[in-house]
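This report describes the side-chain contacts of one protein chain. The sequence and structure are shown below.

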Amino acid sequence: MASIVIAKLHPPPPPSITGRHTLFGTVLTSTLSVPTTRQGHLVITAKATSESSESLSSPSVVKSIKNIWDTPEDRIAVIGLGIAAVVGFWAALNLVTAIDRVPLIPGFFEFVGVLFSSWFVYRYLLFKPDRKELFQAINKSISDILGQ
């Protein structure tokens, strides 16, 4: 025989939810206070808000892709670029597999990767002014790619 026991705890104060706009959409963060009077019991209340799909992705990129797809003469070019991307990915995968089979080369590339990663961390991530410089370079590249 099964029995259900329902215990009503005092409701915790409502969580405070704050939003932060990023490049890819809004990031919601919340603060939750946990009652400490009874151990082993936790009450969580979550509320979701709906957002349109356009707010989660970059609207200018989606609109430009829709505009290119809507023109009939550009459809062939988009399909051709998609096929070329698949073929290029397949070729790159086969090239990496072929290089991986040759002795000593994978170890050398791994060593070069460790050296480059160490240099990158020292150059861009270790100190705050260098991180700002990296973010500026990334944002400039993104704006150049999107044509803004």
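Arg123 is partly exposed, at 28% relative accessibility (buried means under 20% relative accessible area, exposed over 50% and partly exposed in between, with a 1.4 Å probe and protein chains only). The model is predicted: local features need pLDDT of at least 70 and side-chain atom pairs pLDDT 80 or more, whereas totals for chains, interfaces and linings use all residues. Residues are numbered from 1 along each chain as its sequence is written, and side-chain values use heavy atoms, leaving out hydrogens and water.

Glu133 forms a salt bridge with Arg123, with the closest N and O atoms 3.0 Å apart (a salt bridge is a side-chain nitrogen of Lys or Arg within 4 Å of a carboxyl oxygen of Asp or Glu). This pair links distant parts of the chain, with Glu133 in helix α5 (residues 128–146) and Arg123 in helix α4 (residues 105–125), ten residues apart. Helices are DSSP runs of H or I with at least four residues, numbered from the N terminus. Glu133 is partly exposed, with a relative accessible area of 34%.

A salt bridge also joins the side chains of Asp130 and Arg123, at 3.8 Å from N to O; Asp130 is buried at 18%.

## A salt bridge within helix α5

The whole structure contains three salt bridges. One of them pairs Asp144 with Lys140, whose closest N and O atoms are 3.1 Å apart. Both residues lie in helix α5, four residues apart, about one turn of the helix. Lys140 is exposed, with 52% relative accessibility.

Six aromatic pairs are present in the structure (ring centres of Phe, Tyr and Trp, the last by its six-membered ring, lie within 6.5 Å; planes under 30 degrees apart count as stacked, over 60 as edge-to-face and the rest as tilted). Phe116 is exposed at 52% relative accessibility, and Trp119 is partly exposed at 42%. Phe120 and Tyr124 form a tilted pair as well, at 5.2 Å and 45°.

Phe116, Trp119, Phe120 and Tyr124 form one aromatic cluster. The charged end of Arg123 sits over the ring of Tyr124, 4.7 Å from its centre (CZ of Arg or NZ of Lys within 6 Å of the ring centre and within 35 degrees of the ring normal). Tyr124 is buried, with a relative accessible area of 19%.

Technical notes. Helices (H or I, at least four residues) and strands (E, at least two) are DSSP runs, numbered from the N terminus.
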